[in-house]
Amino acid sequence: MGLDSILGYLQNKTILITGATGFLGMVFVEKILRVQPNVKKLYLLVRASDTKSATHRMQDEIIGKELFRVLREKWGADFDSFISEKVVALPGDVTFENLGVKEPRLVEELYNEIQIIFNSAAITNFDERYDISLAVNTFGVLQVLSFANKCFKLQILLHVSTAYVCGERAGLIPEDSSSMDKMVKEMGNFDFEAVEKGLVQEKLNELKALDASEEVVTNTMKDFGINRARLYGWPNTYVFTKAMGEIFLQRSKDNLPLVVVRPTIVTSTYKEPFSGWIQGFRTIDSVIAGYCKGKLTCLLVDPATVLDIIPVDMLVNSIIIAMVANANQSSGNIIYHVGSSLRNPLNFFQMHNFIFQYFTKNPWLDKDGKPVIVTKGTILTTMATFRMYMNIRYMLPLKGLKFMNKAFGQYFQEIYVNYSRKLDLVMRLVELYEPYMLFKGIFDDTNTEKLWRTARESFIEVESFNFDATCIDWEEYIMHTHIPGLLKHVLIK
């Protein structure tokens, strides 16, 4: 490979992006438009009934975000015309044939023009309804693959998975599909798609026959997903359905140029377009939010567990480099772990200290304007000790309240029900997050390191696409970028 230009490759390209309203998809769109304004066209697949609704969603949920501030300032009065020329909102849905694009002439146009497909559409809730997660994360991948196979000019399909498709493995976790080998072998004996779709429909029919409320249907389908995931050996619905999506992708790709990127925990921007931008709560952010408000007084975590995080702009840089480096190549099974645990590990003990230091110096103000005093809290390192703590601290008082409520003719019923619901929610969340708070794995990133080395040797604008996590000073990033960004863009509005 000679000394090539990343920007030169992106020039005049037509790119289809799924998941553009999501955190990662949005940052990808902004980066492409900012660094290569001569890209030909970005088609953003947006779940909507028609073009007008899709365009409204795009303007409201993507282009209108503060993330596009730098781009907006760069183009000034010409910003809207630039967006109109370069970006098209496609009403559609990855769960349908032709990605839900209904206009036949538009479908043909896409088949003839698309050169790059970036598939980041996903349901990322750990315990989403099984029917919804399965439709998007697993079978939606098949719809994207089917569409890709009809694109005459396609040079690369890049699929975003998650590093945690490995399940609950420990030690050094390789950049391959070995964690799914057992499942692949089992799937040789039955039709996974037919079985799971059949079970989902059966469960929905049962609920319909019972005239179940929407709340009951949702909760039942959430529990059903967790049970199916654990039956097959994965801790939650999200990583299970993402793993199944990968399996189907690898089994059906034929000679399609395909790359799978598996990020770890994705956090706020490191530098681009400005530091600290984030949308919504990432995995660790719920802990930070609860802690700063004084609501999180105990935590189930092994302080030695490595918290594998990667800033979203670094992830986007790795994705763009992977696209350019692997375009028009149909060689094997290319998987990249994009994270930090192997070469620049940050453990929970360090993270806990950073959060404590930050909110000791910059306390959260409660609704009365008074500073919330934070403490180190109680760290519990096993599920057994956590349950014991919860029994003594919360379950026994709840039982006492239940007795009092019964003795006083249901006088405390509302208080009891609210307390019980909150406790059930806490325990459910802890059970969902336990595999990650006590995670014993480190993600091998040999392929990703090789990609970075190749990029430095082969591309002239590589410094504008840095994804080397070893350059991150975690104390600086957490205390001066991530937490302030979380407060500004998510917690304080």
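User: Which element gives the most to the lining of the second largest cavity?
Analyst: Helix α16 does, with 3 residues. Helices (H or I, at least four residues) and strands (E, at least two) are DSSP runs, numbered from the N terminus. This is a predicted model: local features need pLDDT of at least 70, side-chain atom pairs 80 or more, while totals for chains, interfaces and linings use all residues. Numbering starts from 1 along each chain, and side-chain values use heavy atoms, without hydrogens or water.

User: What counts as a cavity?
Analyst: On a 1 Å grid over the protein atoms alone, a cavity is a set of points where a 1.4 Å probe fits but cannot get out. A pocket is an open set with protein on both sides within 12 Å along at least five of seven lines. Lining residues have an atom within 4 Å of a point.

User: What volume does that second largest cavity have?
Analyst: About 90 Å³. Volume is the space filled by probe spheres set on the points, joined across faces, edges and corners.

User: Which residues lie nearest its centre?
Analyst: The second largest cavity has 13 lining residues. I265, L307, F348, Y436 and M437 are nearest the centre.

User: How does that lining divide by class?
Analyst: There are 11 nonpolar residues, 1 polar and 1 charged. Ala, Val, Leu, Ile, Met, Phe, Trp, Tyr, Cys and Pro are nonpolar, Asp, Glu, Lys and Arg charged, and the others, Gly among them, polar.

User: F348 was on that list. Which residues of α14 are buried?
Analyst: F348 is one of them. Buried means under 20% relative accessible area, exposed over 50%, partly exposed in between (1.4 Å probe, protein chains only).

User: Back to cavities. How many are there of 30 Å³ or more?
Analyst: The count is 2. The largest cavity holds about 120 Å³ of space. It is lined by 14 residues, and D445, E449, F467, D468 and A469 come closest to its centre. Strand β11 (334-338) and helix α17 (446-458) are the elements that give two or more residues to that lining.

User: Which of those gives the largest share?
Analyst: Helix α17, with 3 residues. By class, the lining of the largest cavity has 6 polar, 4 nonpolar and 4 charged residues.

User: Now the pockets. How much space lies in the largest one?
Analyst: About 1500 Å³. Its lining has 50 residues, and A122, I123, T124, N125 and R282 lie nearest the centre. Six names come up for this lining, as elements giving two or more residues: α2 (23-35), β2 (41-46), α10 (214-232), α11 (237-252), β8 (265-267) and α16 (413-437).

User: Which one gives the largest share?
Analyst: α16, with 7 residues.

User: New topic. How many aromatic pairs are there?
Analyst: There are 23. One of them is Y164 with F443: the ring centres are 5.2 Å apart and the planes stand at 90°, so the pair is edge-to-face. The pair links distant parts of the chain, 279 residues apart. Y164 sits in the loop between β5 (156-160) and β6 (171-173), and F443 in strand β13 (residues 441-443).

User: What's the rule for a pair?
Analyst: Rings of Phe, Tyr and Trp (its six-membered ring) pair if their centres lie within 6.5 Å. Planes under 30 degrees apart are stacked, over 60 edge-to-face, the rest tilted.

User: Is Y164 buried or exposed?
Analyst: Buried, with a relative accessible area of 9%. F443 is buried too, at 3%.

User: Which residues form the aromatic cluster?
Analyst: Y130, F139, F192, F224, Y232, W234, F240 and F248 form one cluster.

User: Last one. Where is D302?
Analyst: D302 is in the loop between β9 and β10 (309-311). It is buried, with a relative accessible area of 16%.
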